[in-house]
Amino acid sequence: MTAKPDTPARITRLTDYTPPAYAIDSVHLRFDLDPAKTRVHSRMAVRRVAGAAESAALVLDGEDITLLTLKVNGEFVAFRQETDKLVLDKLPEAFTLEIETLNVPQANTQLAGLYMSGGAFFTQCEAEGFRRITYWPDRPDVMSRFHVTLRADKAAYPVLLSNGNLVSHTDLDGGRHEAVWDDPFPKPCYLFALVAGNLVCREQTVRAASGKTHLLQVYVRAGDLDKTEHAMESLIKSIAWDEQRFGLSLDLDRFMIVAVSDFNMGAMENKGLNIFNTKYVLANPATATDADYDGIESVVGHEYFHNWTGNRITCRDWFQLSLKEGLTVFRDQEFSQDLAAAAGGESARAVKRIEDVRVLRTAQFSEDAGPMAHPVRPEQYQAIDNFYTATVYEKGAEVVRMMQTLVGRAGFRKGMDLYFQRFDGQAVTCDDFAQAMADANPQSPLAQHLVAFKRWYSQAGTPHLHASGSLDPASRTYTLTLRQTLPDTPGQSDKQPQVIPVAMGLLGPDGAALPLWLDGQDKGSDTVLVLTETEQTFTFGNIDAAAVTPSLLRRFSAPVILDYAYPDADLLHLLAHDADPFNRWEAAQRLTLARVLAAVRGDELQLDPAYLDALRAVLRDPKLDPAFKELLLTPPGESYIAEQLDEVDPPRIHRARQALRTALAHELADDWQALWDSLTPQGGYSPDFASAGRRALRNLAQAHLCELGQTSWLGRVYQRVKDADNMTDRFAALAALVQVGAELAKPALERFAAQFAGEALVMDKWFALQASSPDHDGRQLDRVRALMQHPAFSLQNPNRARSVLFAYCQANPGAFHRADGAGYAFWAEQVQALDAINPQVAARLARALDRWRKLAPVYRDAAQQALRSVADSAMLSSDTREIIERALA
Ligand code: ARG
Ligand code: ZN
């Protein structure tokens, strides 16, 4: 993974794909686990695949491991050893290959392959970690039956886990023991996992709708058992949902989740043995917030849903990553939406949709407009780990969602059924998925425009959807013209039109929905227009209204930027009356954005009575969900605001947004107070949708009331940091004090740290809150450096490193971007320090300067200099180098 700067970059290209020449039908793996020297013995049944040349070589990947022995059919044979590869020639058609390697888990700080965390062994093999354990054709289209023997010291590692079913567990001499596991399903090596350590588990037996019983287990460290209930409940709900919505049931007798505190990503769907970042498992009311509870539910769902979309059908190659990730994100979003709707109705579904769109527009749209822009199915990479991106995940999910919109919910289910019927047990491509969806729905616009639709996979960049409408009273028609443009992105220009489903409706002057007559057909009051050409015109008949307000892109039916010159009056009209809650929220966002942007451009912030009255009406509307009100009253984030500008001055954006918050605090003071008073908690803490929504809105009110700066109020909030009976409220109070720079923030932070010193995930919040705090006095960078001197800080632990470095460099643009470039120098220093420890995490941090070209000149030169200084460093991983090179290209 570490390359000298003069080694030419190794680029992997989609067009170079060739099928493997050899299959490994089964493998027996034996691990003699030891932190300093783990021996891995592998015995593989290898077979040349039909059609491969007799002379074909077998290529095995290997990285940072020591080869001890290699035998073919029991004999030592000659082989070539290249960088990170072993090549074997002159092989029989079928043979047994035996390889023994040596690993040093305790020295593995990259957390890819076999590593130690808290004295226990864990593995992470996706995407290319298995080669760090043993030599193997490390590619997802080689699928094998795994039979695994684990041996270790029994006292130190009483629990020994791997994929599939436990075959035997026996004591050995010398205080060691052995567990044998067998996974009945062939799988690619990236889904292999083992865990060995001193863990405890919550377990439960469930009977699935199919009648089968399954053993579910959640493994954690000894003190954490009281934080596993929500993960277990989420798993049970996931199992039920996949059966009910997609007819997919759990195919294993036993399903295990293991929490680990050192983990590069969120979680991993290893067959039957999911390994999770503790952040997405552990929760109790005292330590986790509502957002944490939500995150656990969706990540537990996500990894569980991978069992079918990812594991039963996997990817042919890593360019197809979105085949499993986009689809599985879509599935976990639908899961959360269905659960929310069951609890809080259709408006709760809209709340979930808004939350997902916010993530998409913040993370993915900016990625798609910058140097890392790539198609949902990328065409080349240096380090595949860099392509676990918002584009592959979130935009990929939108592509699947558009298919559902085009074929309908029932049609989508038919497409999924056909997909499993055709490809179960195989490693396939994004084309295969789209084809199954189209074939199952031959009359749908998806099938009719499949070629154009699939450009969503191959073309990068966020399409702009330009809309204009005109009412013609004489002919009683309303004409809507839709036009799409797709910006150039690195390596791609002159793009072709894509298929854009535009859900829409029309509102009359009284706010009522107008009936939609299109081509003489009655389309009700909500329909989906399908744009397939660069430009198309849709004419609605029988329009008797004196004025028409179009509600476009309802539910955010496509991941595009809607350019429609909405007058304020139309937005106020939509905000007040639209039947689609998403577009009510969107109207408010547009109104707020326009006012913040004017302030960024240098005008004084103006909040007109019509705007304020509209917000007041929302806050006072008893029919609206508190969760929805909270989203509606939260202004767009700083990075989303930055995306609207050609030249970005981040501190200026921060000040403008802050000015808006302060103004809203004053203008709506009575409403905030009334909300605070009326939303008092009912009973003890419960993370359900309605209670969480009430807390969210009450805490938003609290934050605004803090802006007023009244000492008595701040004292009351301080009291809440001390007394709150749950982490959501306690942390919201702490954050409110820190946000306004109150004097009481300091004692509150100290108290909080003393109380939660033993809770790593809570301390992550404590670090992140301070690192992302506004720069009240010009000393924020000093404070960040001081946080790194805290005895509990560590660069080795990804969660902790992220809690300070990402919180400052990525989540705090107003403080990070400084005219003196000190923030960038700090970033350059930390990227390099982290790169020596963990390239995957370093490469993520490297992306904090992705959009440097958009910065105002005072920042731009310093940012470029910092990027160059990293590019010039002698040792850099291919992960980080790829990001830096793209940024500078
Ligand atoms: N497949 C995992 C998930 O989406 C993510 C694993 C990513 N690992 C990595 N090293 N990039 O749930
Ligand atoms: Zn995933």
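This is a predicted model: local features need pLDDT of at least 70, side-chain atom pairs count only at pLDDT 80 or more; totals for chains, interfaces and linings use all residues.

Start with one residue: does Phe 556 count as buried or exposed? Phe 556 has 22 C-beta neighbours inside 10 Å. The cut-off for a buried residue is 20 or more, so Phe 556 counts as buried. Now look at its backbone. Phi of Phe 556 is positive, about 55°, although the residue is not a glycine. Its place is the loop between β34 and β35.

Stay in that loop. Select Leu 553, which lies between β34 (549-552) and β35 (561-563). Leu 553 is not a glycine either, and its phi is positive, near 60°. Around Leu 553, 24 other C-beta atoms lie within 10 Å, so this residue is buried.

Next, go to the peptide bond from Glu 126 to Ala 127. This bond is cis, with omega near -5°. Ala 127 sits in the loop that links β12 (120-124) and β13 (143-153).

Now zoom out and show the whole chain. Colour by secondary structure: there are 27 helices and 36 strands. The radius of gyration is 28 Å, close to the 29 Å from the globule rule for 889 residues, so the chain is as compact as a globular protein of that length.

Finish with burial and contacts. Of the 889 residues, 50% count as buried. Take the contacts between residues at least 6 apart in sequence: 70% of them join residues at least 24 apart.

Notes. Residues are numbered from 1 along each chain as its sequence is written. Chains are lettered from A and ligands numbered from 1 in the order in which they are written. Helices (H or I, at least four residues) and strands (E, at least two) are DSSP runs, numbered from the N terminus. The radius of gyration is taken over C-alpha atoms; the globule rule is 2.2 Å times the number of residues to the power 0.38. A residue is buried if 20 or more other C-beta atoms lie within 10 Å of its own, exposed if 12 or fewer, and partly exposed in between; C-beta atoms are placed from the backbone. Two residues are in contact if their C-beta atoms, placed from the backbone, lie within 7 Å.
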